[in-house]
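Subject: A structure to look through

Hello,

Here is the structure I promised to hand over, together with some notes on what turned up in it. Please keep it open while you read.

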Amino acid sequence: MICQSLLRVRNLLSKVMTDREQVMAFAADLEALVYRYRDEFDITVASLVGVLECAKYEVLLSAGEGDDEFEIDFE
């Protein structure tokens, strides 16, 4: 039973996701997290957006560090 579960997890992890699939998975997780916090906490929309903006800023600042590649494709 445990071995079968571990094999399923390994197979899921070894599947290579396309860029689109990764973006869609991230968007779905982020949306679920936002709605969870709006439902479970007494957080204003302004506070929520502020936290998201701070996270965006952190990502943009760290984009030039290390091996991360940051490209904007306007096509």
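What share of the 75 residues in the protein is buried? Buried residues make up 4% of them, where buried means under 20% relative accessible area, exposed means over 50%, and partly exposed lies in between (1.4 Å probe, protein chains only).

Two remarks on how to read the values. This is a predicted model, in which local features need pLDDT of at least 70 and side-chain atom pairs count only at pLDDT 80 or more, while totals for chains, interfaces and linings use all residues. Residues are numbered from 1 along each chain as its sequence is written, and side-chain values use heavy atoms, leaving out hydrogens and water.

**The overall build**

The protein has 3 helices and 0 strands, and along the sequence its pattern reads α-α-α. Helices (H or I, at least four residues) and strands (E, at least two) are DSSP runs, numbered from the N terminus.

**Helix 2 against helix 3**

Two packed helices are described by the angle between their axes and the distance between the axes. Here, helix 2 and helix 3 (residues 45-62) pack at about 145°, with axes 11 Å apart. The axes are lines fitted to C-alpha atoms, for helices over the stretch in contact, and angles run from 0 to 180 degrees between N-to-C directions. On the helix 2 side, Leu30, Val34 and Arg38 make the contact, and on the helix 3 side Val45, Leu48 and Leu52 do; contact means heavy atoms within 4.5 Å.

In the loop between these two helices you will find Ile43. Not counting residues up to four places away in sequence, Ile43 touches Tyr37, Arg38 and Leu48. Its relative accessible area is 29%, so Ile43 is partly exposed.

**A nonpolar patch**

Phe26, Leu30, Leu33, Tyr37, Phe41 and Leu52 make a nonpolar surface patch of about 540 Å². Patches are made of residues with over 30% relative accessible area and no salt bridge, where like charges are joined within 9 Å and nonpolar side chains (Val, Leu, Ile, Met, Phe, Trp, Tyr) within 5 Å. Helix 2 (residues 19-40) gives the most to this patch, with 4 residues. Leu30 sits in helix 2 and is partly exposed, because its relative accessible area is 32%.

**Salt bridges**

How many salt bridges does the structure hold? There are 2, each being a side-chain nitrogen of Lys or Arg within 4 Å of a carboxyl oxygen of Asp or Glu.

- Arg36 pairs with Glu40, and their closest N and O atoms are 3.5 Å apart. They are 4 residues apart in helix 2, so about one helical turn separates them. Arg36 is partly exposed at 38% relative accessibility, whereas Glu40 is exposed at 53%.
- Glu53 pairs with Lys56 at 3.0 Å, N to O. Both lie in helix 3, 3 residues apart, about one turn of the helix. Glu53 is partly exposed at 41% relative accessibility, and Lys56 is partly exposed at 44%.

Conventions. Areas by Shrake-Rupley, 256 points an atom, 1.4 Å probe, with all protein chains shown as cover.
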